[in-house]
Amino acid sequence: MPANSPRCTKRILLSDLNRILDPLVFLTPSLTKGKIFLQQLWQIKIDWDHPIPDEIREKWLRFYNQFEELGALTIPRKCKPVMSDHIEVHRFCDASEEAYDACIYVRSKDKNGQWCSWLLCSKSRVAPVKGATIPRLELGGALVLALLAEKVAAAWELDVKDFHLWTDSTVALGWIQSEATRFKTYVANRVDQILELTNAQQWRHVGTAENPADILYRGWLSHSNDGWEHSFTTLPDEETLPERRVVKLTLTTMDQSIGIIEHYSSWRRLVRDVAWFLKFIDFRRPRQIGTTARYLSVSYLNKAETSLIRQAQLQEFNEEYISLSKNKEVSGRSKLKGLHPMLQSENLILVGGRLANAQIAENQKHPIVLPATHKITRLIFEDTHQTLFHCGPQALLAEVRQRYWQIRGRSMARSVTKRCVTCVRARPRFVSPLMAPLPKQRLIPTRPFAVSGVEFAGPLMIRSGIRRQTGKRHGLQSSYVSPQGPFT
C-alpha cells in the first residue's frame, strides 16, 4: 500500500482514504474515523508533500490495516428480505464532539409477524475545526438526515412526509418544535431548512443507548416488540432552550386623537365629522323623551369645535392646564405666563387681561389660546384664509384674533399665505422688459445745443420760507443732448 512507503505525506494519506469506493456509505464508521484523523493532521499545519511524524504515521498504519477486514463484510442487496405490504422507513441522527451522522433503515414485517430491518444508507460529516456545541452538532445531524431522506424519497418515489424521524437530542428536538425566528441566526437557518423538507410532527425522541446512529450498525429495529416507537420524553421549555435571540421591547404610546386629526385637511369637515360622532354617542345612550333629529345642530358643531381645541391645548399646555385646574398660577417658564391665562367653564384656556369691563363681545375680551404649531391651529388659519377670499397675512391675523389668540400668530399667518396655491398663482413674477436701443441723437457727435428740447417738469417738492414749509412747484426745463450726456 502507498501508506507503507517510506515517504508518507498528507497527500498520500488523503489519496488512500478516497480510494475506497462506498456509494451508499455503508462504511461510515470506518471512513469517519479516517476523516477525523485527517482533520487532526490538518491542525498540525504540515505541508502536502512534507513527511508526517513517525508517531502519526504508525497510528495511521494501524488504522489503515483495519480496512483489510472489510473484505469479509457482506451486504445483502435486497432491502426487503420478504415480500410485505407493511413497510416503514425510519431515519436516525446522532452527533459527538468529533462528527455527526445520519442513517436510514427500512423496516418490514413478514407473514409470521416478525419485524426485519436493514440499513439502507448513511451519511456523516466531521465537526468543524473551531469547535461547536453538542446541541448545534445534533441540529446539524438532523439537517443531514433531512437532506438524505429527501434523496431517498425521490429515488423510491415516496413522500418524505411519511418517514419517521428520530433524534436523541431533546434540545435539537425542542428547536425543531419551536418557532425558528426566536433563536439566533445559526439555529434559525437550519431549523428553517429542516422544516422545508419535513414536518415538526415527524420528529420523535429516542434514547441515546437505543439510537442506531450512534454506531450506525445495530440491529435495534429487528425486535418483535412494537413498544419502541412510543418513546415519550419531556422536552425542555422553550424559554430554557439555548441560542435564544435577545428580544428588546420598546413601549410606545400613541394618542389616537392625533391620528384622526392628521387625516383631515379641512377644519369644517373635521368639525362636522366629530359632531356626527358626538351625536352618535348621544344616540346610543338610553333614550330620552323626544326624537333625535337626523341633521346636525349648531350645538353639536360648537361642542365638536370646543372638544378639538381642548384636545390641542391638553397636548401642548398640559402642565399649564393642570396648574389652572388647581387654581394655581402657571410656571414662570411657561409661554402663557405673559397672557395671564384663565380656565373657563368649558375647560378651555383663555387669555386674561384687563378688558373685563369693555363693551365688546366676550370672545374678544378673553380669546381662546391656540398652540403655535398644532395641526388644529393651521386648519383654523387655513379655513379663515379661504373664508376671506385669500386675504393677506395681516388681515388674516386680525380676523383670527377676533376669537383666538395664537402663540406666534404672525408666523402662522405668513406661513399659511405662502403655502396657499391659489395665492401663489395670483402673484406671478413679472419679467422686466429689455430697454430699447438708444436714439441716434445721443450717439452721433454734434456741436453743443445742436439737439435741444423743452419738457414740463414737476411737481417738485420745495421747502421755502422761515418755517421751511413744503410746497409743490411746476416749471419748464430745457435741455440739450450731446454725446457726453444731457445738460439742463
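Angles between axes under 35 degrees count as roughly parallel, over 145 as roughly antiparallel, 65 to 115 as roughly perpendicular and the rest as oblique. This is a predicted model, in which local features need pLDDT of at least 70 and side-chain atom pairs count only at pLDDT 80 or more, while totals for chains, interfaces and linings use all residues. Residues are numbered from 1 along each chain as its sequence is written, and side-chain values use heavy atoms, with hydrogens and water left out.

**Exercise 1. How do the axes of helix H8 and helix H9 cross?**

Step 1. Find the two elements: H8 covers residues 267-284 and H9 covers residues 298-316. Helices (H or I, at least four residues) and strands (E, at least two) are DSSP runs, numbered from the N terminus.

Step 2. Two packed helices are described by the angle between their axes and the distance between the axes. Here the axes come within 8 Å and cross at roughly 110°. Axes are lines fitted to C-alpha atoms, for helices over the stretch in contact, and angles run from 0 to 180 degrees between N-to-C directions.

Step 3. H8 and H9 are therefore roughly perpendicular to each other.

Step 4. Look at who makes the contact (heavy atoms within 4.5 Å). From H8 the residues include Trp-267, Leu-270 and Val-271, and from H9 they include Tyr-300, Leu-301 and Lys-303. Sorted by class, the contact has eleven nonpolar, one polar and five charged residues. In this sorting, Ala, Val, Leu, Ile, Met, Phe, Trp, Tyr, Cys and Pro count as nonpolar, Asp, Glu, Lys and Arg as charged, and the others, Gly among them, as polar.

**Exercise 2. Is Trp-276 buried, partly exposed or exposed?**

Step 1. Recall the cut-offs: buried means under 20% relative accessible area, exposed over 50%, and partly exposed in between (1.4 Å probe, protein chains only).

Step 2. Trp-276 is found in helix H8. With 37% relative accessibility, Trp-276 counts as partly exposed.

Step 3. Now look at what Trp-276 touches: leaving out residues up to four places away in sequence, these are Arg-294, Tyr-295 and Leu-296. Trp-276 and Leu-296 are 20 residues apart in sequence, and their C-alpha atoms are 7.1 Å apart in space.

**Exercise 3. Which residues of helix H14 are buried?**

Step 1. H14 spans residues 409-419, and its buried residues are Gly-409, Met-412, Ala-413, Val-416 and Thr-417.

Step 2. Seen down the axis of H14, these residues fall within an arc of 130°, so they line one face of the helix. The arc is that of the directions from the helix axis to the C-beta atoms. An α-helix has 3.6 residues a turn, so residues three or four places apart point the same way.

Step 3. Turn to the face away from the buried side of H14: the exposed residues Lys-418 and Arg-419 are there.

Step 4. The cover over the buried residues of H14 includes helix H12 (375-387), helix H13 (393-400), strand E9 (404-406) and helix H15 (421-426).

**Exercise 4. How many of the eight residues of helix H5 are buried?**

Step 1. H5 covers residues 170-177 and is mostly covered, with six of its eight residues buried.

Step 2. These are Val-171, Ala-172, Leu-173, Gly-174, Trp-175 and Ile-176.

Step 3. Among the elements that cover them are H4, E4, helix H6 (185-197) and strand E5 (203-205).

**Exercise 5. Which residues of H10 are buried, and what do they pack against?**

Step 1. The buried residues of H10 are Glu-320, Tyr-321 and Leu-324. Seen down the axis of H10, they fall within an arc of 100°, so they line one face of the helix.

Step 2. These residues pack against H9, E6 and strand E7 (349-350).

Step 3. Asn-327 follows H10 and has a positive phi, near 60°.

**Exercise 6. Is Val-330 buried or exposed?**

Step 1. Val-330 is found in the loop between helix H10 (318-325) and strand E6 (342-343).

Step 2. With 9% relative accessibility, Val-330 counts as buried.

Step 3. Residues touched by Val-330 include Glu-320, Leu-324 and Pro-341.
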